Structures are given as C-alpha cells and as structure tokens.
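Thanks for coming, everyone. I have one structure to walk through today. Please bring it up on your screens.

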Amino acid sequence: QVQLVESGGGLVQAGGSLRLSCAASGRTFTTYYMAWFRQAPGKERELVARITWSGDSTYYADAVKGRFTISTDNVKNTVYLQMTSLKPEDTAVYYCAARSPISTMYNLWGQGTQVTVSS
C-alpha cells in the first residue's frame, strides 16, 4: 500500500521550533518531487516547500524562506520539514505530498498533522 504518514506536529510558542516527518512507503519515490503544504482555517491549501528526493533542488514559499528547511533521508525514506522561529500565522494543518516527474499535480497525500503556534 502506497502511503505517506506525517508526524511531529503539536503546540509550540511563538519563536519555537518543530520538526515534521513524512514517512513514505509502498513504492520507490527516488524520482518523485516531495512537498509540504499547509492549510489554515478558512484559507486555501498552500505550498510551503518542495524538494527532489535527491535533495539537489528545493523551493520555499516566501513566507517561510529562511525559517523552514526541507530535507530527505533516503535510508529512512522520510522527508522532513524543520521549522524554526515559528509565528502564530504558521498555525495550520501541514500535509506531505508527492508527485511523479511526469505529473503536473501532487496525487499522493498524507493525512495531515496539526501545528499550532501560540503568541
């Protein structure tokens, strides 16, 4: 069964840090683009960061650039999102997603993990 399973969310004070993990299983993801999205209440889902599985190409949304770092661990088949200097506006459900190199859409999603940043 192909699946992505997120973990690591929680409640943190503003200025704090969290690391999200996304464990991928059920197929080979080495050619896939992996990404983290987030969706805050009443807002559309937005792309936070993206990485190739090899780690040689990354993208960050302007809102998180310099504070968040996306990375992969090929041995553990896991994608990470290290979040630092967290702000209340980072509060959202964070989703891990994957898309194949021939697809224009992310078609594999995790269940999401809640991140809440208190002021």
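I will go through the aromatic residues, the sheets, and then a few single residues. One thing to keep in mind: this is a predicted model.

Let's start with the aromatics. How many aromatic pairs does a search of the whole structure find? It finds 5. Take F37 and W109. Their ring centres are 4.9 Å apart and their planes stand at 55°, so this pair is tilted. Tilted covers the angles between the stacked cut-off of 30 degrees and the edge-to-face cut-off of 60.

Where do these two sit? F37 is in strand β4, residues 33–39, and W109 is in strand β10, residues 108–109. The pair therefore ties together parts that are 72 residues apart in sequence. Buried or exposed? F37 counts as buried, at 11% relative accessibility. W109 is partly exposed, with a relative accessible area of 30%.

W109 has another partner, Y95. Here the ring centres are 6.4 Å apart and the planes are at 80°, so the pair is edge-to-face. Y95 lies in strand β9, residues 92–99. With W109 in β10, this pair ties together parts 14 residues apart in sequence. Y95 is buried, at 14% relative accessible area.

Now put that together. Which residues form one aromatic cluster? They are F37, Y95, Y106 and W109.

The charged end of R45 sits over the ring of W109, 4.5 Å from its centre. So W109 pairs with F37, pairs with Y95, and has R45 over its ring. Elsewhere, the charged end of R99 sits over the ring of Y33. That one is 4.2 Å from the ring centre.

Next, strand β9. It holds Y95. Of its 8 residues, 7 are buried, so β9 is largely enclosed by the rest of the structure. What does β9 pair with? Take β4: the two pair in the antiparallel sense over 7 bridges. Look for M34, which stands opposite A98 in β9. Then strand β11, residues 113–118, pairs with β9 over 3 bridges, also antiparallel. Y94 stands opposite T113 there. Finally, β9 and β10 pair over 2 bridges, again antiparallel. In that pairing, A97 stands opposite W109.

On to an open sheet. In what order do its 4 strands run? The order is β1-β3-β8-β7, with antiparallel pairing. Which strands are at the edges? They are β1, residues 3–7, and β7, residues 68–73, and each pairs on one side only. Neighbouring strands in this sheet are turned by 15° against each other on average, direction ignored.

Zoom in on β7 and β8. They pair in the antiparallel sense over 6 bridges. I70 has L81 in β8 as its bridge partner.

β8 covers residues 78–83, and T78 lies in it. T78 is buried, with a relative accessible area of 8%. What does its side chain reach? It reaches the backbone oxygen of K76, at 2.9 Å. Leaving aside neighbours within four places in sequence, its contacts include C22, W53 and D73.

Most residues other than glycine have a negative phi. N77 has a positive phi, near 50°, and is not a glycine. N77 is found in the loop between β7 and β8. It is partly exposed, at 24% relative accessible area. S85 is also not a glycine, and its phi is positive at about 45°. S85 is found in the loop between β8 and β9. It is partly exposed too, at 40%.

Last stop, K43. Find it in the loop between β4 and β5. Buried or exposed? K43 is exposed, with a relative accessible area of 57%. K43 and A92 are 49 residues apart along the chain, and their C-alpha atoms are separated by 9.5 Å.

Methods. Residues are numbered from 1 along each chain as its sequence is written. This is a predicted model: local features need pLDDT of at least 70, side-chain atom pairs count only at pLDDT 80 or more; totals for chains, interfaces and linings use all residues. Side-chain values use heavy atoms; hydrogens and water are left out. Rings of Phe, Tyr and Trp (its six-membered ring) pair if their centres lie within 6.5 Å; planes under 30 degrees apart count as stacked, over 60 as edge-to-face and the rest as tilted. Buried means under 20% relative accessible area, exposed over 50%, partly exposed in between (1.4 Å probe, protein chains only). A charge sits over a ring if NZ of Lys or CZ of Arg is within 6 Å of the ring centre and within 35 degrees of the ring normal. A polar contact is a pair of N or O atoms within 3.5 Å; within protein, one must be able to donate a hydrogen and the other to accept it, and residues adjacent in sequence count only if both atoms are side-chain atoms. Contact means heavy atoms within 4.5 Å. Two strands pair if DSSP finds at least two bridges between them. Axes are lines fitted to C-alpha atoms, for helices over the stretch in contact, and angles run from 0 to 180 degrees between N-to-C directions.
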